[in-house]
Amino acid sequence: YKRQAYTNLGNLAFDEGDLDQAVDLYSQAVVLLSRTGEHRHLSAVQHNLGLIAIDLGDLGGARNNLIESIRLSRLHGYAMDEAETLTALADLAQTEGEYQEAEELLARALDLSLESKSRVAEAGIVHSLGLLSLARGDYLKARDLFVDAVAAYSYLGRPPDVVGVLADLSRTRVAVGDLRGGVRDLQRARVIADSLSLGPAHYAELALSEGDLQLALKEYSRAFDLYRSAEDLFSALNSPGGQARALEGQGLLNMIREDFEEASGVLAKSMSLRRQSAQPDPRALSITGMYLALAQEEMGDLAGARRELKDIANTLARLGDGVGEAAVMASLGELEVRRGDIDSADSLFLRGLALLKGRIAPEVEWRLHAGRADVFQSSDRVDAAIEELRLAIEAAERVGYGLPLEEGNRVRAGHSDLYIRLAERLVRDGQIEAAFELAE
């Protein structure tokens, strides 16, 4: 009975967030279960120890626990248990930046879940595949996978899981410019969360996703309040990674307000929190590092920003995040324009557009076309500059398409500089009527 008592008490401590107590109880259960040969229970305890180790930042220990759980499940024929732990190990591999390993683990897990006809495991794997696609910048694939996961969890009657996936789905819709869809997903998630009185972890994720949405909608005060709320919730949950994400949003808002010194401090704090993990997520560090480099650039440190951005581009290329790398190409190209190296700038903008081929990322795409317009304008190629500005506006207008008139106008106003630049170039080219129509 002791082994069962230790396991049950460990489960209770885990559910209540007392991780140190859970580790102590599970460790005693492992000793007893090993003696009695209860391999399925032992595998489950090793699985939970792996999840706790991830939460505590001990990714090496987590990997060892999860691999042992997989070994036991495979050895004794527990296919559903093996699939669940393979998924957890894949999520860990993704955090470590090992995307190919994650994909292979998820493929194996999906095969097992289909063989064992475990719909719950299958839904979890589809969600994880969506997160992997999101990290790689394949937003349309991620969106479709999240939609499938929401449908599966809804059918299975697992509303807390529905809320978690909807938060990720909203974030993905924002990335492709579907702000109306993002609003709809978060409204649905909030209704479910409120009806079930879910815990602070769910509300922290929802606040973060809604902050991203409000940032895209140009509702900056609302976005700041949501990021602060998320930061407080993640702090209470002792989640440095969550705090880092919330601070990154606040840093972006400071940059929009052109308070670059404050932005630099906030983003540096975000970086510090990300590095508290035993094995920091290289993609997350790269994205935050990109924003920090842009703040440095605005404060006059062009050489330092250029150096950091080149290193970040190499990291994202290694990871296979094409959209992230394209965003860095846009930033590097803009920096080279400021330095007066037009040929290098154009090469970077073209590289970014090539990386986006077949991908939907309008907020990155418009910057690349606008950058090329600057390149052409500097060499008096007015027609080419006009064409690139039209392409930039076309990309920018995909953000928020279908929103109600007032919200749509606010989003478009955020790109007003593109319309002004195009009108000026049309006037210089003698296209007065076209410029007037654009102004209208």
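Q: How many residues does helix α5 have, and how far does it reach from its first C-alpha to its last?
A: Helix α5 covers residues 79-95, has 17 residues and reaches 24 Å, close to the 24 Å expected at 1.5 Å a residue. The expected span is 1.5 Å times one less than the number of residues. Helices here are DSSP runs of H or I with at least four residues, strands are runs of E with at least two, and both are numbered from the N terminus.

Q: What are the ground rules here?
A: This is a predicted model, where local features need pLDDT of at least 70, side-chain atom pairs count only at pLDDT 80 or more, and totals for chains, interfaces and linings use all residues. Residues are numbered from 1 along each chain as its sequence is written, and side-chain values use heavy atoms, with hydrogens and water left out.

Q: Back to α5. Why is it described as largely enclosed?
A: 12 of its 17 residues are buried, so the rest of the structure largely encloses α5. Buried means under 20% relative accessible area, exposed means over 50%, and partly exposed is in between (1.4 Å probe, protein chains only).

Q: Which residues of α5 are buried?
A: D81, E82, A83, T85, L86, T87, A88, L89, A90, L92, A93 and Q94.

Q: What covers them?
A: The cover includes α3, α4 (59-76), α6 (99-115) and α7 (119-135).

Q: And what follows α5?
A: G97, with a positive phi near 85°.

Q: Which residues other than glycine have a positive phi?
A: E258 is one of them, with phi near 65°. D380 also has a positive phi, about 60°. Most residues other than glycine have a negative phi.

Q: Where do E258 and D380 sit?
A: E258 is in the loop between α13 (240-256) and α14 (260-274). D380 is in the loop between α19 (362-378) and α20 (382-396).

Q: Is E258 buried or exposed? And D380?
A: E258 is exposed, at 60% relative accessible area. D380 counts as exposed too, at 65%.

Q: Which lining residues lie nearest its centre?
A: R3, Q4, T7, N8 and H41, out of 12 residues that line the second largest pocket. Lining residues have an atom within 4 Å of a point.

Q: Which helices supply the lining?
A: α1 (2-15) and α3 (39-55) each supply at least two residues. α1 gives the most, with five.

Q: What is the lining by class?
A: Four nonpolar, six polar and two charged residues. Ala, Val, Leu, Ile, Met, Phe, Trp, Tyr, Cys and Pro count as nonpolar, Asp, Glu, Lys and Arg as charged, and the others, Gly among them, as polar.

Q: Zoom out. How many helices and strands are in the chain?
A: There are 23 helices and zero strands.

Q: How far does the C-alpha trace span?
A: About 90 × 45 × 40 Å along its principal axes.

Q: How much of the chain is buried?
A: 50% of the 440 residues count as buried.

Note on methods: 1 Å grid on protein atoms, 1.4 Å probe; cavity = no way out; pocket = protein on both sides within 12 Å on 5 of 7 lines; lining within 4 Å. Contact = heavy atoms within 4.5 Å.
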